[in-house]
Amino acid sequence: MLPLFTLTSDAFISAVRRFGIDRFQAARIYRALLHQGCRNLETAGGIKLSADTRRRLDASVVRCTGNITRQAEEKALLKFATRLKDNAVIESVILPMHSHETLCVSSQAGCRMGCVFCETGASGLIRSLDTSEIVEQVYAARFLLKRPVRNLVFMGMGEPLDNLDAVLAAIRVLNDPRGFDIPLRRMTLSTCGLIPGIRELNRPELKNLNLAVSLNAPTDALRSQLMPVNRKYSLLDLKDALKAHPTGRSGQIILEYVLLKDVNDTPEHAHGLIRFAQGLPANVNLIPFNPGPSSAYAAPGPHVIAAFRHALVRAGIFVRQRASQGRGVGAGCGQLSTRHASS
Ligand code: SF4
């Protein structure tokens, strides 16, 4: 069998040699299946194969193995769930942006990082996804959207750097110009701060992959309360790793900061964040907290958010405030959960 979503075009071309398919035809087939989204080779134009070869190849190529369902919609936002072959369930979200859509991709079912404000973390880790299960979300989104996805953020369920090999293999497939053809500059990987993984990304071939770090607190004491990963990797070490990280075409690293009412939203916290950002090519994404059904936290009021934002802007930091898209349907940042997905 040929697990299509794990294969770059070069690997696919080698693999189909056993069907007697030459390099040129193989590249066309790969393009038809992944770039043009042909569901089978019968509908792919311009491919010269005998009926028997076409039938044998179609029967060998493994595409979707999960069962995909639309979960919820809010305006143009769409959350969908994939029930995997072992019944684990993951969620993915198609987010409307100004001129395009962005797909928020999951890399694990659940997560073991235990960030206290995150619904995914509350489930614990069920398991990491394999490469095919990561890529399949992008393939499924194409059919739900009726057009290819152009932007990806690895910010769905799970910590991508806790499943680095599968995520990097998926990125190679998704970036392949003969296939999905999604440029690295249109992909963002978000981490809670696993420093060895950040160092692993420091490779020339990944320099245009955008990096986002979920920071959420400017002191080790508070960050260790909110994000257990900080007990192992301190803010000082994190900053050193970010200083050494290449910023590629974007020229920036994104610091994500989830604003929690009365927890990390004071002027002192803003100044701590400014100090952390100093010396880094950093932009800040401010994300007013999206409460889940059992959440102990709340979002600050609009005046507190505005004051926090203005403090950063006055310090010369470029700030984006993430709209609370999908909050009402459990599709907001930090709200994805194996528990909703299974219901
Ligand atoms: S915020 Fe990210 S790393 Fe932390 S528990 Fe949630 S999914 Fe895991």
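Author: Helix H6 covers residues 164–175, and its 12 residues reach 16 Å from the first C-alpha to the last, close to the 16 Å expected at 1.5 Å a residue. The model is a predicted one. H6 is mostly covered, with nine of its 12 residues buried. Those buried residues are Leu164, Ala166, Val167, Leu168, Ala169, Ala170, Ile171, Val173 and Leu174.

The 13 residues of H2 should span 18 Å at 1.5 Å a residue, and its end C-alpha atoms are 17 Å apart, which agrees. Buried in H2 are Gln25, Ala26, Ala27, Ile29, Tyr30, Ala32, Leu33 and Leu34. Their cover includes H5 and H6, along with helix H1 (9–15), helix H3 (51–60) and strand E2 (61–62).

The protein chain is divided into domain 1 (2–62) and domain 2 (67–342). The C-alpha centres of domain 1 and domain 2 lie 34 Å apart. Across the boundary, 18 residues of domain 1 are in contact with 15 residues of domain 2.

Nonpolar side chains tend to be buried together in soluble globular proteins. Here the largest nonpolar core has 115 residues, and Leu57 and Leu242 touch the most other members. At least three residues of this core come from each of domain 1 (2–62) and domain 2 (67–342).

Leu206 is in contact with Leu168, Leu184 and Leu201, leaving aside its neighbours within four places in sequence. Leu206 sits in the loop between H7 and strand E11 (210–214). With a relative accessible area of 10%, Leu206 falls under the 20% cut-off and therefore counts as buried. Leu206 is also 8.3 Å from Gly248, C-alpha to C-alpha, although 42 residues separate the two in sequence.

Two other loops hold residues with positive phi. Most residues other than glycine have a negative phi. Lys146, in the loop between H5 and E9, has a phi near 70 degrees, a positive value in a residue other than glycine. Lys146 is exposed, with a relative accessible area of 74%. Asp262 lies in the loop between strand E12 (253–259) and helix H11 (267–277). Its phi is near 60 degrees, also positive in a residue other than glycine, and Asp262 is exposed, with a relative accessible area of 65%.

The residues around the ligand are Cys111, Met113, Gly114, Cys115, Cys118, Gly121, Gly158 and Cys192. This shell divides into five nonpolar residues, three polar and no charged.

Technical notes:
Residues are numbered from 1 along each chain as its sequence is written. This is a predicted model: local features need pLDDT of at least 70, side-chain atom pairs count only at pLDDT 80 or more; totals for chains, interfaces and linings use all residues. Side-chain values use heavy atoms; hydrogens and water are left out. Helices (H or I, at least four residues) and strands (E, at least two) are DSSP runs, numbered from the N terminus. The expected span of a helix is 1.5 Å times one less than its number of residues. Buried means under 20% relative accessible area, exposed over 50%, partly exposed in between (1.4 Å probe, protein chains only). A nonpolar core is a set of buried Ala, Val, Leu, Ile, Met, Phe, Trp, Tyr and Cys residues joined through side-chain atoms within 4.5 Å. Domain bounds come from an automatic or database domain assignment. A residue is near a molecule or strand if one of its heavy atoms lies within 4 Å of it. Ala, Val, Leu, Ile, Met, Phe, Trp, Tyr, Cys and Pro count as nonpolar, Asp, Glu, Lys and Arg as charged, and the others, Gly among them, as polar. Contact means heavy atoms within 4.5 Å.
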